[in-house]
Amino acid sequence: MAVTAVVNQKGGVGKTTVVLGLAAAAAARGRRVLVVDLDPQANATTGLGVWNPGSTIDAALDTDRVGSVRSVIEPAGWPEGDGPVPHVAPSSPRLAQSEHQMATDLIGAQDRLATALDGVVADYDDVLIDCPPSLGLLTVNALFAADRVVIVAEPAAWSLDGVEQILRNVNRIAERRDGRPRVAGIIVSRLARTRDASYWHNQLTESHRDLVLVPAVRLRAAVTEAAAQSVPVGSLTRDGAAAAAAEFDALSRALDPDRVDPDPIVPARADADVSVDSPPALSTPGEP
Ligand SMILES: Nc1ncnc2c1ncn2[C@@H]1O[C@H](COP(=O)(O)OP(=O)(O)OP(=O)(O)O)[C@@H](O)[C@H]1O
Ligand SMILES: [Mg+2]
């Protein structure tokens, strides 16, 4: 199980799209996924097809109780696919008020989310936190709750400066938390087929060769359409949908190269030799 915060203080670079793409890719491989929407804009919530959530993450953070996120979680409204539907801890604009209120808390301002997720994350294979476009207290809470960070960067002027700023913040937190979170990688998003985009893509890759993940997520109309319809891009049949879903699948695997996916469900055979002793559980490489 890994808790991943998806960050960039710049707006509109593709954070939510990457969260939804990674969630869909992992769920299609049978993994149990929780998306924590930590952005008052609630784009991940609606992108997952949840329009009128019963309860939202601000309520969980306000109570400041261990495991309080569990009471707000609901299944995504996505159509049933091959794998389990991701779960979501939905957001609402009220989260902006919670952030102000948290800022007055001298003791628990930074780790409200870590407390609220305590014990809940064990129910999932992947927890993805969609962060707001700022390095404010909500993003700091995501970094305190995360094992690792994925930075989403657009191939555009100034994006390198933004990446450096995030790396500095993550390092400051990791120094206080025994090296957690670690930076798992940079996903280059919204990559257009222009000379300018490929210039900035190269700049990002040359500056952070060890961190930039492959492939980049290309700018495609299918991705915009999937967002507009609140469905995973892979469920669309239009041009580019399968290619976009394949990019997210490859990125999901690049983030966890050693992970073993849940066993496919093998239909029981009537003549199977049923032994009383179950075989020893396989250990998952890379897992604690
Ligand atoms: N690969 C892509 N191809 C086409 N459109 C994309 C792609 N990635 C993102 N978009 C579109 O770009 C816009 C911004 O993307 P998104 O909402 O994911 O960014 P964000 O970083 O989460 O924004 P914010 O900072 O406001 O939360 C959305 O309209 C989204 O549908
Ligand atoms: Mg977003």
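This is a predicted model: local features need pLDDT of at least 70, side-chain atom pairs count only at pLDDT 80 or more; totals for chains, interfaces and linings use all residues.
Me: Which strand pairs with E6 over six bridges?

Reply: That is strand E7 (residues 182–188), and the pairing is again of the parallel sense. Here Ala-153 stands opposite Val-188 in E7. Between E6 and E7 the chain passes through helix H7 (residues 159–176), and this β-α-β crossover is right-handed.

Me: Is E6 mostly covered or mostly exposed?

Reply: Burial is read from neighbour counts: a residue is buried if 20 or more other C-beta atoms lie within 10 Å of its own. Strand E6 (residues 148–153) is mostly covered, with five of its six residues buried. Over the whole protein chain, buried residues make up 43% of the 288 residues.

Me: What does the chain as a whole look like in secondary structure and in extent?

Reply: There are ten helices and seven strands in the protein chain. Its radius of gyration is 19 Å, close to the 19 Å from the globule rule for 288 residues, so the chain is as compact as a globular protein of that length. The C-alpha trace spans about 65 × 50 × 40 Å along its principal axes. As for contacts, of those with a separation of 6 or more, 76% are between residues 24 or more positions apart.

Me: How is the length of helix H1 checked, and what span should it have?

Reply: At 1.5 Å a residue, the 14 residues of helix H1 (residues 15–28) should span 20 Å, and the end C-alpha atoms are 20 Å apart, which agrees. H1 is also mostly covered, as 14 of its 14 residues are buried. Just after H1 comes Gly-30, with a positive phi of about 85 degrees.

Me: Which residues touch the most other members of the largest nonpolar core?

Reply: In soluble globular proteins, nonpolar side chains tend to be buried together. The largest nonpolar core here has 81 residues, of which Val-6, Ala-23, Val-35, Ile-129 and Ala-142 touch the most other members. H1 gives the largest share of this core, ten residues. Leaving aside neighbours within four places in sequence, the contacts of Val-6 include Val-18, Val-19, Ile-129, Val-150 and Val-152.

Me: Where does Ala-44 lie, and is Ala-44 buried or exposed?

Reply: Ala-44 lies in helix H2 (residues 43–47). Ala-44 has 30 other C-beta atoms within 10 Å and is therefore buried. Thr-17 is 27 residues from Ala-44 along the chain, and their C-alpha atoms are separated by 8.0 Å.

Me: What about a loop residue such as Val-13: is Val-13 buried or exposed?

Reply: Val-13 sits in the loop between E1 and H1. Val-13 counts as buried because 24 C-beta neighbours fall inside 10 Å. Apart from neighbours within four places in sequence, the contacts of Val-13 include Val-152, Ala-153, Ser-189 and Arg-190. Gly-77, which is 64 residues away from Val-13 in sequence, is 24 Å away in space, C-alpha to C-alpha.

Technical notes
Residues are numbered from 1 along each chain as its sequence is written. Chains are lettered from A and ligands numbered from 1 in the order in which they are written. A residue is buried if 20 or more other C-beta atoms lie within 10 Å of its own, exposed if 12 or fewer, and partly exposed in between; C-beta atoms are placed from the backbone. Helices (H or I, at least four residues) and strands (E, at least two) are DSSP runs, numbered from the N terminus. Two strands pair if DSSP finds at least two bridges between them. A crossover is right-handed if, with the strands pointing away from the viewer, the path from the first strand over the helix to the second runs clockwise. The radius of gyration is taken over C-alpha atoms; the globule rule is 2.2 Å times the number of residues to the power 0.38. Two residues are in contact if their C-beta atoms, placed from the backbone, lie within 7 Å. The expected span of a helix is 1.5 Å times one less than its number of residues. A nonpolar core is a set of buried Ala, Val, Leu, Ile, Met, Phe, Trp, Tyr and Cys residues joined through C-beta atoms within 7 Å.
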